[in-house]
Amino acid sequence: MEGLYEEVTGMLAGLEKAVEDYGKLRDGIAELEGYMASGQWRKDYEADEAGLYNLLEDAGEILGKARETFCQEDS
């Protein structure tokens, strides 16, 4: 019985934490639901697929240009 008691106690503690975590994210979840319901997500997805959202790639290119520029100035 002690093992079962500990198992249930652990499960309840985990459940309580999950409920608290969900409560902390409630505003974010509502914002995400609004985003999904608005259809904006589809436009963003299509723009990404079309290559219009290449933030990481763009950042890499800019950093590469910066390195070239700074290395040339130091020479």
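## Helices and model

Helices are DSSP runs of H or I with at least four residues, numbered from the N terminus. This is a predicted model, where local features need pLDDT of at least 70, side-chain atom pairs count only at pLDDT 80 or more, and totals for chains, interfaces and linings use all residues. Residues are numbered from 1 along each chain as its sequence is written, and side-chain values use heavy atoms, leaving out hydrogens and water.

## Nonpolar patch

Helix H1 spans residues 2-38 and includes Leu-15. Leu-15 is partly exposed, at 48% relative accessible area (buried is under 20%, exposed over 50%, partly exposed in between; 1.4 Å probe, protein chains only).

Leu-15 belongs to a nonpolar surface patch with Met-1, Leu-4, Val-8, Met-11, Leu-12 and Val-19. Together they have about 730 Å² of accessible area (Shrake-Rupley method, 1.4 Å probe; for residues, only the protein chains shown count as cover). Patch residues have over 30% relative accessible area and no salt bridge; nonpolar side chains (Val, Leu, Ile, Met, Phe, Trp, Tyr) are joined within 5 Å, like charges within 9 Å.

## Salt bridge

The whole structure holds one salt bridge (a side-chain nitrogen of Lys or Arg within 4 Å of a carboxyl oxygen of Asp or Glu). Asp-21 pairs with Lys-17, with the closest N and O atoms 3.0 Å apart.

Both residues lie in H1, four residues apart, or about one turn of the helix. Asp-21 is partly exposed at 29%. Lys-17 is also partly exposed, at 47%.

Conventions. Helices (H or I, at least four residues) and strands (E, at least two) are DSSP runs, numbered from the N terminus.
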